[in-house]
Each structure stands twice: as structure tokens, then as C-alpha cells.
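Biologist: Could you take me through this model, one part at a time? I would like to know the ground rules before the details.

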Amino acid sequence: MDRQKAMKAVADLLEAIGEDKDREGLKDTPRRVADAFAEFTSGNSMSAEEILSTTFNVDGGDIVIEKDIAFSSTCEHHLMPFFGRVAIAYIPDKKVVGLSKLARCVEVFAKRLQLQERLTEQIAQAVMTCLKPKGVLVWCEAEHTCMTCRGVKKFGSKTITYKILGDFSAQKTAEVISLLK
Ligand code: ZN
């Protein structure tokens, strides 16, 4: 990230909204916001393939579900946070991965400018590519501050997205979703 450019842009924004960017409370704001955006987009330089590359073998195996993976991401339409929880369910085909790796994989895609739909899909795709499971289901539930703090102001409203790849029967999908609720 070009930190100087980001700081200048924030200072310009402060001016544009009629603030005195040099007043006490705002003088470090450009730096703080630039640092925050460096963190919000840190996933761009991380690789899910690398994180999910350490797998171990199991015999057979039914569904593995890792749920309540908390995340926060940044909506690319408004540059405002959306946050919530992700659940990843997969049916292994011999290969499984450490549970903390799944949480880190969520972080890779969340720390980017995102859409919830794409976040959900990218996680599912990464699990499918790296673990080659029989099937994967990714469930994402999030609150968008661009919905709750501006526009329609629907406080507490949640958006749910999910993505299924591979072989996940209707019955298994229903089972998993009932466990997540
Ligand atoms: Zn938005």
C-alpha cells in the first residue's frame, strides 16, 4: 500500500467535508485511517493455498464442521465494515486440515475489499481446490454497517449467503444448516 498517498487522500476527505484537518483531534487521523486500511487489505498479500497446504490423511470420515469463525471485512461499495461469522462444512476425501487453518483461510479473504457473496465463494473455492473434499458448504452471516449506519438504517439486520461446491446432497445440506442455526 502507498501509505503517503492514503494519508493524503484521508486529509483531502477531511477537507472536503469541511473539517479543519489540523485541529487537535484530527491531526493523526490520516495516519490512523491509512494504518487501518493497510490492515483491512492485508489479505491481498496472503495466500489461502499456502495456509491450506499442510493437510493430514484420515480414513473415510464424515462431515467436518468448523463454525462460529468470527470475521470482519470491508464492503467494497462503501468502504465500510461488515462483520459476522462463517461456518465451513466439508466431507473429506482422505485429506483434512487443522481447524485453525480454516479460520486463517477466512481471514485471507476477509481482509480485502469484499462483497459477502464473493467472500463466501472464495472460501468455498479455496477449500475445494486445496483439500479436494467430496463437497464443501460455506455459510456466512453478517451485519453490514453500510446498511445499519446509513441508507435504510436497518439495525441488527443480517445478510446470509452460502455456497455449496461438489457433492453435497440436499439432505446433508439441511442437516448442516440446522446445526448452524
Ligand atoms: Zn456497502
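Biologist: Which ground rules apply?

Modeller: This is a predicted model, in which local features need pLDDT of at least 70, side-chain atom pairs count only at pLDDT 80 or more, and totals for chains, interfaces and linings use all residues. Residues are numbered from 1 along each chain as its sequence is written, and side-chain values use heavy atoms, with hydrogens and water left out. Helices (H or I, at least four residues) and strands (E, at least two) are DSSP runs, numbered from the N terminus.

Biologist: Which residues point which way from β6?

Modeller: Gly135, Leu137, Trp139, Glu141 and Glu143 point one way, while Val136, Val138, Cys140, Ala142 and His144 point the other way; all are buried.

Biologist: Which strand pairs with β6 over 10 bridges?

Modeller: That is β3 (residues 80–91), in the antiparallel sense. Two strands pair if DSSP finds at least two bridges between them. Arg85 stands opposite Glu141 of β6, and the bridge partner of Ala87 in β6 is Trp139. Strand β7 (residues 159–166) also runs antiparallel to β6, joined by 8 bridges. There, Val136 stands opposite Leu165 of β7.

Biologist: And how many bridges link β2 and β3?

Modeller: The antiparallel pairing of β2 and β3 has 10 bridges, and Ala70 stands opposite Arg85 in β3. Their hairpin has 4 residues between the strands, and Leu79 takes a positive phi near 55 degrees in it.

Biologist: Turning to the metal, what are the protein donors of the zinc ion?

Modeller: Cys75 (SG), His78 (ND1) and Cys146 (SG) are the protein donors, lying 2.2 Å from the zinc ion. Donors are N, O and S atoms within 2.8 Å of the metal (3.2 Å for Na, K and Ca); water is not among the atoms, so sites may look incomplete. The spacing of the donor residues in sequence is C-x2-H-x67-C. His78 lies in the loop between β2 (64–75) and β3, and Cys146 lies in helix α6 (residues 145–148), so the pair ties together parts that are 68 residues apart in sequence.

Biologist: Is His78 buried or partly exposed?

Modeller: His78 is partly exposed, at 33% relative accessible area, whereas Cys146 is buried at 8%.

Biologist: Now the helices. At what angle do α4 and α5 pack?

Modeller: Helix α4 (residues 99–110) and helix α5 (residues 116–131) pack at about 135 degrees, with axes 10 Å apart. Axes are lines fitted to C-alpha atoms, for helices over the stretch in contact, and angles run from 0 to 180 degrees between N-to-C directions. The two helices are therefore oblique to each other. Angles under 35 degrees count as roughly parallel, over 145 as roughly antiparallel, 65 to 115 as roughly perpendicular and the rest as oblique.

Biologist: Which residues meet there?

Modeller: Leu102, Cys105, Val106, Phe109 and Ala110 in α4 meet Leu119, Gln122, Ile123, Ala126 and Val127 in α5. Ala110 is buried, with a relative accessible area of 0%. Among the residues that Ala110 touches beyond four places in sequence are Phe40, Phe71 and Leu119.

Biologist: How do α1 and α2 cross?

Modeller: The axes of α1 (residues 3–16) and α2 (residues 29–40) come within 8 Å and cross at roughly 125 degrees. The contact involves residues including Ala6, Val10 and Leu14 of α1 and Pro30, Val33 and Ala34 of α2.

Biologist: Last one: how far apart are Phe83 and Glu141?

Modeller: They are 58 residues apart in sequence and 8.2 Å apart in space, C-alpha to C-alpha. Phe83 lies in β3 and is partly exposed, with a relative accessible area of 36%.

Definitions and conventions: Buried means under 20% relative accessible area, exposed over 50%, partly exposed in between (1.4 Å probe, protein chains only). Contact means heavy atoms within 4.5 Å.
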